[in-house]
Amino acid sequence: MNSSLVARFLIYGLIAVAVGSIAWSLINQDTSSTSVPISQMAQEIADGQVQAIQVDASGQSLTIDYKNGTRKRSLKSSASSLEEVLATYGVSGQELNNQNVTVTYTQPSFLASLFSSSFLFLLLPILLMIGFIYFMSRQSQGAGNQAMAFGKSKAKMVTSDTPTVTFDDVAGAKEAKEELQEVVHFLKEPEKYINFGARIPRGLLMVGPPGTGKTLIAKAVAGEAGVPFFQLSGSEFVEMFVGVGASRVRDLFEQAKRHSPCIIFIDEIDAVGRQRGAGLGGSHDEREQTLNQILVEMDGFDTDAHIIMIAATNRPDILDPALLRPGRFDRRVVMDRPDVSGREEIFSVHMRGKPIAKTVDVPVLARATPGFTGADIENAVNEAALLSARRDLTEISMTELQDAIERVQLGPERRSRVITPEEKELVAYHEAGHALIAWLLPEGPTIRKVTIIPRGMAGGVTWFLAEENQLLTTKKFKAQIATALGGRVAEEIIFGDVTTGASGDLQSITRAAKSMVTQYGMSDSLGLRVYGERQEMVFLGREISEQRDYSDAIAEKIDTEVNEIIEIEYQRVHKLMTENRDKLELIANELLEVETLDMKEFSDLLNA
């Protein structure tokens, strides 16, 4: 049993004894009966009024039962027996027999003798004082132990006895798994590499957007190798007390050396690994001390320590260069968003153990989710399972999966939103304008779905299939601008007025046109140059402003060029929509009737 618990039980026991002794004395005080002097009791015995006398365990308290049924109490102060005391008042033992008075003596119990002992009452305060001092000393020692534990590492160790993650549970990261297989082989057979004089990378930096599986694949490395896995986040090192972070780093590496070979995984290492000297409060702060200790421990690895450190971040650009040099994090593994084949694998992994209908086409789902990370796909499959349960189905069908993907991307449908017929008609023409221009332009985006059902904050949505390639041409940029202008132009042509519904479209076309001119050199008049240097505060870790590195004359040219690009596309969209007004009205009327058109229905409608 813990010593602190023993101390508490001791204190509570002493308190119980004290309370019990007080209660015993109170209980044994019969305040309901009348007290009479011993002389009066002797006279009442002689008069034949007394029937019985009970002498308590102490021999001093007397309970007198009278023949008329009443009861009284009396006390004798001397240590003599009752018969001897009565004899002094002229009542002999023969007189008691003649009057048929029964005298009984109560035998003292252990508790009665204990509580009636004056020695106990003398000892109780001493015991209470000793217990209180002992309890306070244990409390102070506990506080000291907690202070010492404050500098201990908070890393969670996962051993081979616990359920592990393997490479089979990681999908859509083929190149990263191949890169990490070497680490697994080294942890399993280190002698094979040591015999060749090879040194395994001591640190691996997992780089990629959130949700791409950086933590998962690090756990898979430990699971494949069958070695202990220490997991913690970068923020767990940093505290308000100076020196605690460095102490935790030292404790972490001491634990790792005791469990070698093993893996240390630090998630979000940018919380502690930012560039030194960039702190707002000076260069020598707690975070930098922690980083310095990490650098020392990593560089101080013995060649036979067999400890590999894996870290994850989505901001490698703000890490201290000393972390990235050979000997520390000298290998970088990129975890990018999965391509279409990777998304197929991820869908298959997350569908394991779920009642999936045989009609579900995984390749179609993969093509419908460009830009999705593994976490996004897991969320979409889970949403589909929730929808299936809500609809009282026995299987997760293709319909639920597609609805779940739309829910993740666009937000839930808001069918309960009350809109007027005029607003519904305006939304139908606005979305029809987007869809018509995208269909008319050869470089326009592929339409996936058009709906006038409100989703999120939007009154309607025209949903396009995102392309896998990351390179955009000038024609595609202009086609995107034209498609975004389609809704605004449709409002002008049909209603002769415009609404605030195109505010988001105007923001997107402004950004696109400005990017063409200032970032991608897609302007004939301004040449092949980037205008505007993005300024970033390393400590804050985010772009906070754009530094202007050009003159006022160039700024005027940039504005002119951006306006010209937008104006040319506006005129093109206005001409196309005027010439194809019948198709615009056809799409809008169909939307007013069915509310939603998918890719096939939209194509059949215009090709009929």
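**Close-up views of a predicted model**

**View 1. Strand β7, covered on both faces.** All five of the five residues of strand β7 (residues 203-207) are buried, so β7 is largely enclosed by the rest of the structure. Here "buried" means under 20% relative accessible area, with exposed over 50% and partly exposed in between (1.4 Å probe, protein chains only). Helices (H or I, at least four residues) and strands (E, at least two) are DSSP runs, numbered from the N terminus. This is a predicted model, so local features need pLDDT of at least 70 and side-chain atom pairs count only at pLDDT 80 or more, while totals for chains, interfaces and linings use all residues. Residues are numbered from 1 along each chain as its sequence is written, and side-chain values use heavy atoms, with hydrogens and water left out. On one side of β7 sit G203, L205 and V207, on the other L204 and M206, and all of them are buried.

**View 2. The neighbours of β7.** Strands count as paired if DSSP finds at least two bridges between them. Strand β10 (residues 307-313) runs parallel to β7, with five bridges between the two; look for L205 and its bridge partner A311 in β10. Strand β11 (residues 329-334) is also parallel to β7 and joined to it by five bridges. There, V333 of β11 stands opposite M206.

**View 3. Strand β9, another covered strand.** Six of the six residues of strand β9 (residues 262-267) are buried. Strand β8 (residues 229-233) pairs with β9 in the parallel sense over five bridges, and S233 has D267 of β9 as its bridge partner. β9 also pairs with β10, again parallel and over five bridges; C262 stands opposite I307 in β10.

**View 4. A three-stranded open sheet.** The strand order is β13-β12-β16, and the pairing is antiparallel. At the edges stand β13 (461-465) and β16 (596-598), each with a single partner strand, so one side of each has no neighbour in the sheet. Neighbouring strands of this sheet are turned by 20° against each other on average, direction ignored. Axes are lines fitted to C-alpha atoms, for helices over the stretch in contact, and angles run from 0 to 180 degrees between N-to-C directions. Strand β12 (residues 446-451) and β16 share three bridges in the antiparallel sense, and T451 has T596 of β16 as its bridge partner. Helix α16 (residues 398-410) packs on the sheet, touching β12 and β13, and its direction makes about 105° with that of β13. Contact means heavy atoms within 4.5 Å.

**View 5. Helix α21 and its buried side.** L584, I587, A588 and L591 are buried in α21. These four cover an arc of only 95° around the axis, which puts them on the same side of α21; the arc is that of the directions from the helix axis to the C-beta atoms. The buried residues of α21 pack against α17 (421-440), β12, α18 (474-495), α20 (552-579), β16 and α22 (599-607). Just after α21, E595 takes a positive phi of about 75°.

**View 6. Two of the aromatic pairs.** The structure holds four aromatic pairs. Rings of Phe, Tyr and Trp (its six-membered ring) pair if their centres lie within 6.5 Å; planes under 30 degrees apart count as stacked, over 60 as edge-to-face and the rest as tilted. Y429 and F495 have ring centres 5.7 Å apart and planes at 90°, so this pair is edge-to-face. With Y429 in helix α17 and F495 in helix α18, the pair ties together parts that are 66 residues apart in sequence. Y429 is buried at 6% relative accessible area, whereas F495, at 33%, counts as partly exposed. Y531 and Y550 are edge-to-face too, with centres 5.9 Å apart and planes at 80°. Y531 lies in the loop between α19 (503-518) and β14 (533-537), and Y550 in the loop between β15 (542-547) and α20. Both Y531 and Y550 are buried.
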